[in-house]
Amino acid sequence: MTLSLIAIAVLLLLMLARVPIAFAMALVGGVGFAIMRGWGPAGSMVGNAVFETGLNYSLSVVPLFIFMGNVLAGSGIAQGLFAAANRVFGKMRGGLAMASVLSCGGFSAVSGSSLATAATMAKVAMPSMRAFGYADSLAAGSIAAGGTLGILIPPSVVLIIFGLLTEADIGKLFLAGILPGMLGIVGYLVAVLVAVRLNPGLAPQGVAAAPLTRSDAVSVAAVLALFAFIMIGIYGGFFTPIEAAGMGAAFALLIAAATGGLSRLKLWRAFLDSATASAMIFVIIIGAEIFGNFITFAGLPDTLASVIGDMGLSPWLVLILIVLVYMVLGCFLESLSMILLTVPVFYPLVMNLDFGLVSLQDPEAVLIWFAIIVVVVTEISLITPPVGMNVFVLRTVLPDVPLGTIFRGVVPFWIADIVRLAIIIALPVLSLYLVG
Amino acid sequence: MTHPDAPPPDMIPGRTPHVQATWYRLLAAMAALLILSLIAVTCIDVVGRYLMNRPFGGAFELTQMLLAALVFVALPLTTADGGHVEVDLALHLLPPAAQAALGWFAGLVSAVVLGVFAWRLVLIGAAQLHEGTRSASLALPMAPLAFLAAASCAVSAIAVLMRRGRT
Amino acid sequence: EELILSSWLPPRHPIVVNAIEPWAEEVAEVTEGRVTVRIMARPLGTPPAHFDMARDGVADITYGLHSFTEDDRFERAKLGQFSFLGDDAVTNSQAYWDIYTGQLDASAEHAGTRLLGLFMHGPGLLHNNQRKIETPADMAGMKIRVPGGYAGDLVAALGAAPLFMSSPEVYERLSRGVIDGVAFTYEAMTAFNLTDHIKYSMTVPGGIYNTTWFLVMNEGKWEGLSEADRAAIDAISGPAFAERVGKAWNDADIAAKEEVGDKVEFHEASPEVVTALREAASALEAQWAEGLGEYDGLAALAEFRKRTGVGIE
Ligand code: NA
Ligand code: NA
């Protein structure tokens, strides 16, 4: 226990010194394991973690769902989505920010990754908002927050990893994410409305948007077609959620070829970006595995579970405590690392709680509901300082906007997320309705 | 194929324009080929089972092995790009000399970790060679994959240090 | 002394609850608390890594399947992976322990570890959702998920198409019609939720396949225990553990059979099918025995069947 706390402190220090999170976790986990078990066993454990992670069949969705999103991004689909959303909201004050949110949600439906959504939409929506005199805070905030929708609206790499960790049915997890994801879009739209009402200086008066062009309509149709292809494929029984990634990537390539929007250079970039992003994610998974083995060995999960169990708290209070732990961890940890480190600790605990609701009598229902809660908390962590990955993405796209400004712009969306989280916790049926 | 002035990929925070060296392009081309192969394996399996009632028996383990190959082929690229996720908090408040020192420290830690990965993977590969480890249905030998992974981690360790040397 | 046991099966799996956990508790009892076993909340590596993990000391005690890794290490272990071996997991496991550790020198194949247990489950069946298999021809073209090399060769010899995938993937693929059937135990029907996607289950006397498992401890850790403690642990391991874990498998099979009820049509393989299976099986058995060098695999198999009372000629 003491050793795990020291290890966590060292891990945070290494991360503050800009050691990449993956390597910091691997180092602390490996050395910690060696202290408890000896260097030989630690070396063997590390080697296995590195070699076996790459061979994990289910993780093949990581490069393929990311590639699918990158191909569509390269084909200019995001511009079309933004233009179409702009037709809906353009005339309202803050309309471009609302269009950003909506098109982020739309792009999420064909992207497996939050970072990819935020990076893609930033390039599309940010220039327009700046040209029309939107405050940098609102403009960047709406994209950073909108990008987080990518991990709840299926397909979602994070939900698949949750399924891997807990043996939950990935097809059901995807269904469960739809309604809470749509609630997220609505919440963000309201957040924009309230923000510009309270501070009209954030956004200019709305302007009539340009009429929808044919290519905009094609973009919207393409996204709808791809989303339908994936969902019908999975739920019509044609392919598994894992296979959906490969099939979706092929379909995206077909769309790109049909619309002709993807130049050879952009296709090349889509390949390169998907490969490098995948390696980045896999190294984090490897690091988390090594660190997780050490923490498991040191007995932290057992201790934590028994401490909470011994307190004899009501199930709802336990759940809220867990959510609070996530909120605190979410400030510091990168989202994937957080899920990899915490879900194995908490899900057995949560599955055994009796919430006294008919809808939650089945442990599987509890697990799916908990998955959605965890993903929403993770979405929140993506925009919570000091470590908010989506905010970092925005800063690399907009080097001249200070980090503080983006975090300020995120505040209304952060509040909307907290409200949504409360609703999802209070009404499990929202997550479970489509699962049946 | 790539344009020399192509903008740096901005998906990953803190990334710098990548090296346009031959080795980089070669690995990138291999990674692209591996992604295409992953897509092709799934499509052949899924389409084959409906059109010809003939699923592709090796799809499962071919996917596993292509995935592992992709990850390790791409790792040196991510590393050379500085594409690993870092926490960027208050470091810019420190004096430049301290920042540089921390940069070297972080690079050294990363290189050591990658070096240990490489060393352990060589041991795994040697054991697999000795034990004749192969995949279950296609009987493909596993050792080459372990050696590829080892080489990838070793190259990545060098790439980390070279990057620190440049900046 | 606290020994670390890494467990990769789901925590509520019958083998964990009714064999591994009780055994771990009994270790503490028989050593009067001098040796305790702590089961990790989650495994310290992937399932296939578990033998190496005990050998290298990542954990002290692990269990797993010999067929996890496809390599040349556990050739003689395949003794327990053939057809027609026995319908009772206790008898199977005890015969397997005695014969494999006896004439086939199991310890040599588990070098670097102390062998604490060897076991098998109940009989493997052939489940499918297409048709009742009455003649070998009914199997032609059927896509069957098999657990490993031998079962794959066997169903291929009867004209079916063997497919490999991890056990949790079976549900996805069976329900989507990607596969038509699966070689599995009774227990797996309910454990993997397959009941609604299976129509016919064919039993074969002695099982169409089986899997073999090990329970091992790091050799250095074992040597470090006092002689008295080693003797005490030995007394509840080996054949005693085979009985315990065999009973756990049997109970799981019985519970599964009750749960499935008449939702699936169980039928015995016709003499015609059995003959065809035997023919294919003996060729594969002979091929296996050939590669064992000085060890007499066929004699070991005959001895095994004598112990379990499965007549084959
Ligand atoms: Na998504
Ligand atoms: Na955060």
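Predicted model: local features only at pLDDT ≥ 70, side-chain atom pairs only at ≥ 80, totals over all residues.

**Stop 1: chains A and B**

Start by colouring chain A and chain B separately and showing what lies between them. The contact draws 69 residues from chain A and 67 residues from chain B. Putting the two together buries about 6,200 Å², and carbon and sulfur atoms give 78% of that area. How many salt bridges does the rule find across the interface of chain B and chain A? The count there is zero. Polar contacts do turn up: four residue pairs, both partners at pLDDT 80 or more.

Now select helices on the chain B side. Helix H1 (22-51), helix H2 (59-81), helix H3 (96-131) and helix H4 (143-166) of chain B are the elements that give two or more residues to the side touching chain A. H1(B) has the largest share, with 17 residues.

**Stop 2: Val113(B)**

Stay with chain B and pick Val113(B), which sits in helix H3 of chain B. Is Val113(B) buried or exposed? Its relative accessibility is 5%, so Val113(B) counts as buried. Show what surrounds this side chain: leaving out residues up to four places away in sequence, Val113(B) touches Phe23(A), Ala26(A) and Leu27(A). For a sense of scale, draw a line from Val113(B) to Leu129(B): they are 16 residues apart in sequence, and their C-alpha atoms are 24 Å apart in space.

**Stop 3: the sodium ion**

Next, select ligand 1, the sodium ion, and show the protein atoms around it. Which residues are the protein donors? They are Ser108(A), Ser111(A), Gly150(A), Ile153(A) and Pro155(A), each through its O atom, at 2.3 to 2.6 Å from the ion. Written as a sequence pattern, the spacing of these donor residues is S-x2-S-x38-G-x2-I-x1-P.

Ser111(A) is in the loop between helix H6 (95-108) and helix H7 (114-131) of chain A, while Ile153(A) is in the loop between helix H8 (136-148) and helix H9 (157-166) of chain A, 42 residues apart. Ser111(A) is buried, its relative accessible area being 1%. Ile153(A) counts as buried too, at 9% relative accessibility.

**Stop 4: chains A and C**

The buried area is about 2,100 Å², with 47% given by carbon and sulfur atoms. On the chain A side, highlight Arg37(A), Thr296(A) and Phe297(A): they lose the most area to chain C, together 23% of what that side buries.

How many salt bridges are counted between chain A and chain C? There are two. To see a salt bridge here, select Arg173(C) and Glu243(A), whose closest N and O atoms are 3.5 Å apart. Polar contacts between chain A and chain C come to 12 residue pairs, both at pLDDT 80 or more.

**Stop 5: Asn293(A)**

Zoom in on Asn293(A), in helix H13 of chain A. With a relative accessible area of 0%, Asn293(A) is buried. Look for the backbone oxygen of Leu44(C), which lies 3.2 Å from a polar atom of the side chain of Asn293(A). Beyond neighbours within four places in sequence, Asn293(A) is in contact with Phe33(A) and Met45(A), and with Arg42(C), Pro43(C), Leu44(C) and Gly45(C).

**Stop 6: Tyr150(C)**

Finish in chain C with Tyr150(C), found in helix H5 (residues 149-157). Tyr150(C) is buried, at a relative accessible area of 12%. Setting aside neighbours within four places in sequence, its contacts are Gln81(C), Phe82(C), Ser83(C), Ile208(C), Ala281(C) and Leu284(C).

Methods
Residues numbered from 1 in each chain as written. Chains lettered and ligands numbered in written order. Heavy atoms only, no water. Contact = heavy atoms within 4.5 Å. Buried area = accessible area lost by both parts, 1.4 Å probe. Salt bridge = Lys/Arg side-chain N within 4 Å of Asp/Glu carboxyl O. Polar contact = N/O pair within 3.5 Å; in protein donor to acceptor, adjacent residues only side chain to side chain. Helix = DSSP H or I, 4+ residues; strand = E, 2+ residues; numbered from the N terminus. Donors = N, O, S within 2.8 Å, 3.2 Å for Na, K, Ca; no water. Buried < 20%, exposed > 50% of the residue type's maximum accessible area, 1.4 Å probe, protein only.
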